[in-house]
Amino acid sequence: SGGVININPTTSTTNTDVPFLLSSTSTFSMSGGTICIANSLATTSANAGGDFQNLASTYTVTGGTLQIGNANTTGSPIIRINSTVPIWNLVVNGTGSPTAKIVTNNLSVLNDVSIATGSVLQVSPSIGLTVNGAFTNNGILNLLSDATGTATILTKGTISAGTYNINQYLTSPIRTWYMSSPVANAQPVDMNWIKYYDEAANNWLPLFDSRTASSTPYGTNSFVTGKGYSVTPNTGITNILFTGALNTGEKTIALTKVGSTTQAGFNAIGNPYPSYIDWKAMVTKNTAVLETGTMWYRTKIDATTYKYFTVDALGNVAPSGSSATAFIPPMQAFWVKTKTGGGTFYFEDNMRSHASATPNLLKAPAAKNSELSLLRLQVSNGTNVDEAVIYSYASAENGYDFYDSPKMMNNDVTIPEI
């Protein structure tokens, strides 16, 4: 409940003692004081799960601090935190330039996080960090991404200025992705071209283009928060880095329906947060501006073929068996259709979440999605599949209404369609 416990292990390839370890059969209680991990051991089978491992199944946490690094820290160590138990405060000390790396399990900080100058806080791919208090960043926050997934963060208090790096792994080194930015005023590097959809003109316009024949420099252009973009990286690029102030709190994007084509009212928007966001919650908030409670993902399924995935107002997905869900991953763009006259579309913090371990688009793990009982009519050519989904819902009308999903045609003879 008070005082400081300093744990200063000697880095050694033969030292197999984990600096701090409580197993799942342990009991843990903390109401004050500080536990400080000063250095990291060389990774061995014994401590592969982390330098601070708190897996206690019975616990009470009402105060106290986990501190990473102190005056004894040397050599810019990576000190790994693996805790199923919440932490009250997390401090990453700047002396010795440590990196605190959250691994294996999502981490909940019940109060504040502080990253000192010269230190780094990393969140591993597929891992989520929740901060319920203030987030003070005088160092660096890195959200990592690889083929297994993308790190996410939920912040519920104030966030300071600082360096925030959000990475998105790409499964293919050259192709087009539908993306949005989790930070303000992003201008990602190593891009071939970036385009945005102009609903009035029914055309894609350049935000940035590095090609000589159609060169368009960024200049003052940057990603607009909440807007969706068609992004093509340079050859060989398998990671996109977004650097800037984290998007948090209420965000808005204007939807338009001024075009005269059959595509009138369709707008490409995107998840503005470094976390998942629930389409069903967005539908509830934005009923007044949406013509239909349906959204569409468009993704490239091979070198030349694009395909739509449909998610309706209740979270039902077609075709079945796809990686798409109603929980939209960070940096994912999608399509919505607005009513005549358009309006303002709202994103809010209460729509946000972390996710489970099932892969979703952009290789961020997808949150669990429960379906209603429904009937699926499916057509397949042995390679590609399309579906019509029929279900009964008490609030729906007999005619066309908000819960019906207009068909987005793939316009590709290699994809059968109902």
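Trainee: What makes the pair Glu-348 and Lys-285 a salt bridge?
Mentor: The closest N and O atoms of Glu-348 and Lys-285 are 3.2 Å apart, and a salt bridge is defined as a side-chain nitrogen of Lys or Arg within 4 Å of a carboxyl oxygen of Asp or Glu, so the pair qualifies. Glu-348 lies in the loop between strand 32 (343-347) and strand 33 (352-353), whereas Lys-285 belongs to helix 1 (residues 279-285), so the pair ties together parts that are 63 residues apart in sequence.

Trainee: Why is Glu-348 called buried, and what is Lys-285 called?
Mentor: Buried means under 20% relative accessible area, exposed over 50%, and partly exposed in between, with a 1.4 Å probe and protein chains only. Glu-348, at 16%, therefore counts as buried, while Lys-285, at 39%, counts as partly exposed. Elsewhere, salt bridges that share partners join Lys-257, Glu-291 and Lys-337 into one network.

Trainee: On what kind of model do these values rest?
Mentor: This is a predicted model, in which local features need pLDDT of at least 70 and side-chain atom pairs count only at pLDDT 80 or more, although totals for chains, interfaces and linings use all residues. Residues are numbered from 1 along each chain as its sequence is written, and side-chain values use heavy atoms, with hydrogens and water left out.

Trainee: What are the labels for Lys-280 and Asp-278?
Mentor: Lys-280 is partly exposed because its relative accessibility is 24%, and Asp-278 is buried because its relative accessible area is 15%. These two residues also form a salt bridge, with their closest N and O atoms 3.3 Å apart.

Trainee: Why is Thr-216 called buried?
Mentor: Its relative accessible area is 19%, so Thr-216 is classed as buried. Thr-216 lies in the loop between strand 21 and strand 22, and, leaving aside neighbours within four places in sequence, Thr-216 is in contact with Pro-206, Leu-207, Phe-208 and Asp-209.

Trainee: How do you know that strand 20 pairs with strand 21?
Mentor: Strands are DSSP runs of E with at least two residues, helices are runs of H or I with at least four, and both are numbered from the N terminus. Two strands pair if DSSP finds at least two bridges between them, and strand 20 (residues 191-198) and strand 21 (residues 203-209) have six, in the antiparallel sense, so they pair. The two form a hairpin with four residues between them, and Asn-202 in the turn has a positive phi of about 50°.

Trainee: What makes strand 9 and strand 17 edge strands?
Mentor: They belong to an open sheet of three strands in the order 9-12-17, with parallel pairing. Strand 9 (107-109) and strand 17 (152-155) each have a single partner strand, so one side of each is left without a neighbour in the sheet. Strand 12 (residues 128-131) is joined to strand 17 by four bridges, and the bridge partner of Val-131 in strand 17 is Thr-155.

How values were computed. Contact = heavy atoms within 4.5 Å.
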